[in-house]
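Biologist: I have not seen this structure before. Please show me how to read it, one feature at a time.

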Amino acid sequence: MNRMKIMTVLLAAVMLLAKPCGAAAAEVAPATGTDTAAVAEEKAVDISGMIFDHIGDAYEWHLWTTASGKHITIPLPVIVHSSTTGWHCFMSSDFHHGPVDGLFIAPEGQPNEGKIVELQADGSITKPFDISLTKNVVALMVSSLLLIFLILKTASWYRRHDPEKETPTGIAAVMEPFIMMVNDSIIKESVGPEYKKYSPFLLTIFFFIFLNNLMGLVPFFPGGANVTGNIAVTMVLALCTFIAVNVFGNRHYWKEILWPDVPVWLKFPIPIMQAIELFGIFTKPFSLMVRLFANILAGHAMILGLVSVIFITAKLGPVINGSMTLVTMLFGVFMNCLELLVAFIQAYVFTMLSSVFIGMSRPKEE
């Protein structure tokens with residue numbers, strides 16, 4: 001059973017045991033009297049809410065919840081443009097007191113659930129232009145700054161030392177094996193003689209994915225964000241590869257697409273092969289996008305699902321719950337170690353396939 005099947009079964013079981021929760025910022029009516037116990041019980045098994053809140057995006061960064069039930073969060077800037085009232089800039093914590101200038105976060109079950117929407121004068125609800133700094137955006141900024149720091153520190157060492165006479169130390173000693181491995185074993189072998197002009201792009205992709213995968217496994221700020229498990233991020237990465245392949249592909253690449261070496265009846269008068277080749281142009285980046293997104297998302301969901309077993313078995317007594325807690329902890333440690341390997345493998349595979357696609361777009365002249 002592969003990872004995606006495991007994730008599907010796990011999430012199905014979780015959703016049967018737990019009632020889906022609403023958006024983090026949605027207002028919940030206070031419970032009174034006999035409803036208090038029911039609400040507390042419902043919250044205790046809100047496992048699917050915990051999983052989907054983690055793997056989703058948010059307008060604030062949740063740190064932890066205190067014993068009294070208070071959520072400790074970092075509010076993030078909200079930047080939206082309304083077609084009627086213009087630009088609005090404020091902190092997401094302002095939503096705790098209700099709508100802000102007609103803006104609010106759409107509750108569960110409503111259109112644009114979890115997104116900022118605006119209530120118009122006629123009672124209609126519209127979605128404004130939203131460029132807010134969400135959790136994933138801030139995580140992207142943090143990881144990008146960290147990556148720039150690592151690269152500049154490595155370059156700084158090589159500017160001040162002769163690598164033929166001195167062994168790299170510090171950050172350069174950590175980065176050099178990865179750079180040499182990716183450049184020599186992947187890029188050079190896959191792209192071909194012109195690999196040097198593609199090396200900066202492909203090395204950046206590798207370290208960007210690898211670093212964000214590692215940051216996603218860190219359970220505290222500024223880690224824990226599901227960046228590479230967000231399909232918008234993987235789509236942009238795949239789009240960059242799509243541009244590198246098709247914009248810089250040579251004339252032989254386009255000849256094989258528009259007039260391939262097959263019997264004439266397969267390409268004229270009905271362009272069967274051309275249609276297949278053109279379709280293949282888009283399936284390659286699509287496979288890159290979905291592969292990275294699905295694997296990272298599945299990894300996060302599986303780890304959270306294992307942790308959820310502790311809460312699901314809480315009502316079964318201290319013996320069963322204690323036993324399952326021990327088993328869950330052991331499996332959790334194992335899964336986290338496995339995810340460290342997956343973080344590297346996914347960055348490796350994405351870079352390797354991108355290199356292969358670029359190499360295929362620059363065939364040698366015969």
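Modeller: Start with burial: a residue is buried under 20% relative accessible area, exposed over 50%, and partly exposed in between. Phe221, with a relative accessible area of 40%, is therefore partly exposed. Keep in mind that this is a predicted model.

Biologist: How many of the residues in the chain are buried, as a percentage?

Modeller: Buried residues are 37% of the 366 in the chain. The chain exposes about 20,900 Å², and 70% of that comes from carbon and sulfur atoms.

Biologist: How many helices and strands are there?

Modeller: The chain has 10 helices and 8 strands. Among contacts with a separation of 6 or more, 64% are between residues 24 or more positions apart.

Biologist: How do I read a sheet, and which strands make up the open one here?

Modeller: Strands of a sheet pair through backbone hydrogen bonds, in a parallel or an antiparallel way. Here an open sheet of 3 strands runs in the order E4-E3-E8, and its pairing is antiparallel. Strand E4 (86–91) and strand E8 (129–130) are at the edges with a single partner strand each, so one side of each has no neighbour in the sheet. Strand E3, residues 77–82, pairs with E8 over 2 bridges. In that pairing, His81 is opposite Phe129 of E8.

Biologist: What should I look for in the backbone angles?

Modeller: Most peptide bonds are trans, and most residues other than glycine have a negative phi. Look for departures from that. The peptide bond from Phe221 to Pro222 is cis, with omega near 5°, and Pro222 is in the loop between helix H6 (199–217) and helix H7 (231–247). Another cis bond joins Phe268 and Pro269, with omega about 5°. Pro269 is in the loop between helix H8 (251–258) and helix H9 (272–312).

Biologist: Which residues other than glycine have a positive phi?

Modeller: Asp101 is one of them, with phi near 55°. Asp101 sits in the loop between E4 and strand E5 (103–105), and its 53% relative accessibility makes it exposed. Asn112 also has a positive phi, about 60°. Asn112 lies in the loop between E5 and strand E6 (116–119) and, at 37% relative accessibility, is partly exposed.

Biologist: How do I read a nonpolar core, and which residues in the largest one touch the most other members?

Modeller: In soluble globular proteins, nonpolar side chains tend to be buried together. The largest nonpolar core here has 43 residues, of which Ile187, Val191, Ile209, Leu237, Phe350 and Ile358 touch the most other members. Helix H4 (135–160), helix H5 (171–191), H6, H7, H8, H9 and helix H10 (318–360) each give at least two residues to this core. The most come from H6, with 10 residues.

Biologist: What does Ile209 contact beyond its neighbours within four places in sequence?

Modeller: Ile209 is in contact with Thr228, Leu237, Leu292, Ala347 and Phe350. There is also a second, separate core of 9 residues, including Val78, Leu103, Ile105 and Ile116.

Biologist: How do I describe a pair of aromatic rings, and how many aromatic pairs does the structure hold?

Modeller: An aromatic pair is described by the distance of the ring centres and the angle of the planes. The structure holds 13 such pairs. In one of them, the ring centres of Trp61 and Phe221 are 5.0 Å apart and the planes are at 80°, so the pair is edge-to-face. This pair links distant parts of the chain: Trp61 is in strand E1 (residues 60–65), Phe221 is in the loop between H6 and H7, and they are 160 residues apart. Trp61 is buried, with a relative accessible area of 2%, whereas Phe221 is partly exposed.

Biologist: What arrangement do Phe90 and Phe95 have?

Modeller: Phe90 and Phe95 are edge-to-face, with 5.3 Å from centre to centre and 80° between the planes. Both Phe90 and Phe95 are buried. Ring pairs also link Phe178, Phe206, Phe207, Phe210, Phe344 and Tyr348 into a cluster.

How values were computed: Residues are numbered from 1 along each chain as its sequence is written. Side-chain values use heavy atoms; hydrogens and water are left out. Helices (H or I, at least four residues) and strands (E, at least two) are DSSP runs, numbered from the N terminus. Buried means under 20% relative accessible area, exposed over 50%, partly exposed in between (1.4 Å probe, protein chains only). Contact means heavy atoms within 4.5 Å. Accessible areas come from the Shrake-Rupley method with a 1.4 Å probe; for residues, only the protein chains shown count as cover. Two strands pair if DSSP finds at least two bridges between them. A nonpolar core is a set of buried Ala, Val, Leu, Ile, Met, Phe, Trp, Tyr and Cys residues joined through side-chain atoms within 4.5 Å. Rings of Phe, Tyr and Trp (its six-membered ring) pair if their centres lie within 6.5 Å; planes under 30 degrees apart count as stacked, over 60 as edge-to-face and the rest as tilted.
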